[in-house]
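Today I am opening a new page for this protein chain. I will go through it bit by bit and jot down what I look up.

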Amino acid sequence: MFILGIQVQNVGPVAREEMSFALFLEEFIVLRCRWFVAIPVLAFMVASARAQAPVELKWKFEKGKPFYQEMTTDTTQKMTVMGQNITQVQKVTFFLSWTPVDKDKDGNWTVKQKIEGLAMEIEIGGNKIPFDSRKDAGGTNPLSDFFKALVGSEFTLTIDKDMKITKIEGRDEFLKKLVKENQAMEPLLRTILSDEALKQMSDPAFAAIPDKPVKKGDTWEKKMTLNMGPIGSFETNYKYTYEGPDEKKLHKIKVDSTLKYVPPGPNAGSGLPFKILKADLNSKESKGEILFDIEKGRVASSNMTMKMAGTLTIEIGGMSSDVTLDQTQTTTVKTSDENPITPKK
């Protein structure tokens, strides 16, 4: 099996289970970060029909009317570990719903976000782990209980008039579901999934909105830092360019980003079956495009590709290993008024 690209041998079944759980936890965190940071990041902007005149990009909600997103992330990792070349391929699809609940007198919105379904094909150390919540059983594998716990999880966001997340609820219920089958992971999960961390994951979905009207060719930038405790931090710089409407009158925003991984410090705590000693990981090329439906005030479709390369040094059981990583990750999102979950035959 592989933990962050490192082949783990000569460990007992309990350690293997914890390492597999830790790897998927990291994958889930990255994916959650991706759906908030990389793809639906401008999902509610509204552009004017006049491409040349400055337009004001605004959030648009309709109380009680949900919309749905199908987000698919394809990841290919090419690694060199102790002279051995390894390739891992993963495909993960999250089915999400967003429901504006209410707007108070001060302009603060309450929005519920729910994981409606989950489908994935993951290979860890040569072992394929399929799962599809749309099927009756949802699959049976060492991580099935964890996958099933994700489905149905809900978070309630409070967003102020400046589109900043001031509160996020649902953390305690989420943690209870995740640790039900693995109580030993609770301290780690509470560290990684703190209230502040969850807000940091969600905030980029709204923070990318510019604070002034823009016209075709205008750009704006944002910088985000996501602190994941013993897993380390992700520092991302975004550059957005408004490109105007296309032939279907969907407004285009080009996204360019750079991401740097910062390893955890010596006082970051532990809880993982491995320790990240040092790392030099940076994005080589990250770009995408978001298409907005002006009438509905949300993203119609989007895509983002991120390429990352570098090295890691990780310690397992007192032994350190160097890993060379070259990763390509592509994420696509489709938005609709109808829930895309349908039973598979």
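Before the first entry I need a term: a polar contact is a pair of N or O atoms within 3.5 Å; within protein, one must be able to donate a hydrogen and the other to accept it, and residues adjacent in sequence count only if both atoms are side-chain atoms.

**Ground rules.** I am working with a predicted model, where local features need pLDDT of at least 70 and side-chain atom pairs count only at pLDDT 80 or more, while totals for chains, interfaces and linings use all residues. Residues are numbered from 1 along each chain as its sequence is written, and side-chain values use heavy atoms, with hydrogens and water left out.

**Entry 1, T93.** I looked up T93 and found its side chain in polar contact with the side chain of T72, at 2.9 Å. T93 sits in strand β4 (residues 84-103); helices (H or I, at least four residues) and strands (E, at least two) are DSSP runs, numbered from the N terminus. Is T93 buried or exposed? I noted it as buried, because its relative accessible area is 9%, and buried means under 20%, exposed over 50%, partly exposed in between (1.4 Å probe, protein chains only). Counting contact as heavy atoms within 4.5 Å, and skipping residues up to four places away in sequence, I see T93 touching E70, M71, T72, G117, L118 and A119.

I wrote down six aromatic pairs for the structure. Rings of Phe, Tyr and Trp (its six-membered ring) pair if their centres lie within 6.5 Å; planes under 30 degrees apart count as stacked, over 60 as edge-to-face and the rest as tilted. W220 and Y240 make a stacked pair, 5.8 Å centre to centre with 25° between the planes. The pair links distant parts of the chain, 20 residues apart, with W220 in β9 (residues 219-227) and Y240 in β10 (residues 233-245).

I then followed β12 (residues 275-293) into β13 (residues 298-316): they pair in the antiparallel sense over 17 bridges, where pairing takes at least two DSSP bridges between two strands. F292 has V299 in β13 as its bridge partner. Four residues lie between these strands, and G297 takes a positive phi near 65° in this hairpin. β13 also pairs with β14 (residues 319-336), again antiparallel, over 16 bridges. This hairpin has two residues between its strands, with G317 at a positive phi near 60°.

How far do I trust the chain? Its mean pLDDT (the predictor's confidence in each residue, from 0 to 100) is 77, and 76% of its residues reach 70 or more. I marked residues 1-51 for caution, as pLDDT stays under 50 there.
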